Amino acid sequence: MMCPSKRHEGTVRRICKQLDAQLPGTHPGYICANGPDITPPSAACAARTPS
């Protein structure tokens with residue numbers, strides 16, 4: 001898998017800045033962060049369990 005381009009990183013940064021300006025009014029206490037998805041441990045265990 002290739003690393004995202006600098007153009008992509010700039011787009012993500014601009015969107016995060018826009019969301020950070022809006023979130024306090026719509027979802028107090030939340031922030032926009034670029035990073036891996038956070039999965040609850042119970043969901044992760046269920047995803048690894050074969051059917």
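**Entry 1: C32 and its contacts.** I started at C32 and set aside its neighbours within four places in sequence; what remains in contact with C32 is C16, L19, D20 and L23. A reminder to myself: this is a predicted model. I then looked up where C32 sits, and found C32 in the loop between α1 and α2, the latter covering residues 41-48.

**Entry 2: two C-alpha distances from C32.** For Q18, 14 residues away along the chain, I read a C-alpha separation of 9.1 Å from C32. For A21, eleven residues from C32 along the chain, the C-alpha separation comes to 9.6 Å.

**Entry 3: A21.** I stayed with A21 and noted that A21 belongs to helix α1. Is A21 buried or exposed? I have A21 down as exposed, because its relative accessible area is 63%, and the cut-off for exposed is over 50%.

**Entry 4: helix α1.** Next I followed α1 itself, which runs over residues 6-26 and has 21 residues. From the first C-alpha to the last, α1 reaches 30 Å, close to the 30 Å expected at 1.5 Å a residue. Where does α1 bend? I found a bend of about 30° at D20, with a proline, P24, following within four residues. D20 had already turned up in my notes as a contact of C32. I also listed the buried residues in α1, and these are G10, V12, C16 and L23. C16 and L23 are both in contact with C32 too.

**Entry 5: the whole chain.** Stepping back, I counted two helices and zero strands in the protein chain. Of its 51 residues, 10% count as buried. The protein chain exposes about 5000 Å², and carbon and sulfur atoms supply 61% of that area.

Note on methods. Residues numbered from 1 in each chain as written. Predicted model: local features only at pLDDT ≥ 70, side-chain atom pairs only at ≥ 80, totals over all residues. Heavy atoms only, no water. Expected span 1.5 Å × (residues − 1). Bend = angle between axes of the 7 residues up to and from the residue. Buried < 20%, exposed > 50% of the residue type's maximum accessible area, 1.4 Å probe, protein only. Areas by Shrake-Rupley, 256 points an atom, 1.4 Å probe, with all protein chains shown as cover. Contact = heavy atoms within 4.5 Å.
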